[in-house]
Amino acid sequence: MKLRALIAGLSAVALAFTATACGGDDGDNTKDVEVFTWWADGSEKAGLDALVAEFKKQHPDLNFVNGAVAGGAGSNAKNVLASRLQQQDPPSTFQAHAGAELLDYIEANQLQDVSQLYKENGWDEVFPEDLIELLTVDGKIYSVPSNVHRANVVWANPEVLKKAGLDDKPAKDIDGFIQQLDKLKKAGVDTPLSIATDWTQVHLLETVLIADLGPEKYIGLWDGSTKWDSPEVSKAIDHYAKLLSYTNTDRQNLDWPDATKMVIDGKAGFNIMGDWAEAAFQEADKEWGKDYITYPVPGTDGIFDFLADSFTLPVGAKNEEGTKAWLQTVGSAEGQKAFNIKKGSIPARTDADPKDYGDYQKTALESYKNDTIVPSLAHGAAASVKWSTAITEAVSSFSANKDIEKLKSALVKAAEDNQKKQ
Ligand code: GAL
């Protein structure tokens, strides 16, 4: 099963709509291109900077304006963007995840069709067909993908594991993982598993759901064929609660770089994070396979938990021509190479040379080619912004009140509310 299964699920939830996107260039002669992302600091900004350098090379006449709003996974940026769109004040382009999240913007008639750019640049040939389908409604393509990230990755510090008598081998499943965490705890490691604020907890929950349900039933959570009140989901939530008990208690005040840094610095044994973490390890000059090790979250071997960032042309964007130039750089072979080498992700284009990428990224390229693909919840591929916000609220309350029954019923309700919407 490749991306196709996920596309089938998404088209089931996509509402019929008519795009009334219209040209929004207000005719001013600005050279500014405001690029709205959440890649505001650290290793994420380093990725963006590399892309901007390529943009400047390709379009020296244009002026990049950084509209980044800090907060991992767009935790702040998405709200800021929503109010700007509502006030008819869109940036020239904004970052959006391929899949359900992009559909939200398309259905709200906030995006323009960029199919023409695909024709002009021959992108139909270089982006995978099933990825393009995640960006398409009614034959129109609404964004240009910059990269593909893998979400189901364990980042571990082998020194910390060794001190607790653990080796480099991954546990077979979540129960085995819990045993490892327990060993770390008993050996005196304060934080066996590092984590940060709300969305990173949703990220952890999603990987546990994949591990416990397997790919088909996990995908079924998003198309309604797997029930949120089933015993299997209940077991996964119990697992999640247990895992959370091995994490740092200051989690609500941290973002992902802080949690990943705990592994980099030897203060935690494990962190479960998307492979933007790779960029943080590289920035800290760490060597893959020696200073840190990676493997799929226990129970998810052979599965690629997928998400892709993409860039849009909003309705009413200022400097449309400049935005198209940005999109052209994003889709170009050079733009993808410059960006992805730094970002930890793999290029969305299929014509990349694996030799250009680091050791970890080579494993992701292989997995993306051969494994079963499932959509990420925390990163916009699986569920609408509204649904994932409801899930995030439930998970966040659980972090404070530890009431597992409340968490379970809130997740069931979130799925029911989503059904009603349709
Ligand atoms: C994801 C995004 C990644 C990375 C991550 C952490 O949602 O797709 O590119 O930025 O958030 O902020």
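Start at His149: an N or O atom in the side chain of His149 is 3.5 Å from an oxygen atom of the ligand, which just meets the cut-off for a polar contact (N or O atoms within 3.5 Å). This is a predicted model, where local features need pLDDT of at least 70, side-chain atom pairs count only at pLDDT 80 or more, and totals for chains, interfaces and linings use all residues. Residues are numbered from 1 along each chain as its sequence is written, and side-chain values use heavy atoms, without hydrogens and water.

Next, select Lys343. An N or O atom of the Lys343 side chain sits 2.7 Å from a ligand oxygen. Then pick Trp38. A polar atom of the Trp38 side chain lies 3.2 Å from an oxygen of the ligand.

Now show the ligand alone. Taken alone, the ligand exposes 300 Å², and the protein buries 100% of that (Shrake-Rupley, 1.4 Å probe).

Display the shell next, with near meaning a heavy atom within 4 Å. The ligand has 13 residues around it; Trp39, Glu44, Asp309, Lys343 and His379 come nearest.

Finally, colour by pLDDT, the predictor's confidence in each residue from 0 to 100. The chain averages 94, and 93% of the residues score at least 70. Select residues 12-27: here pLDDT is below 50, with 34 contacts (heavy atoms within 4.5 Å) beyond near neighbours in sequence. Where pLDDT is low, predicted coordinates should not be read in detail.

Conventions:
Polar contact = N/O pair within 3.5 Å; in protein donor to acceptor, adjacent residues only side chain to side chain.
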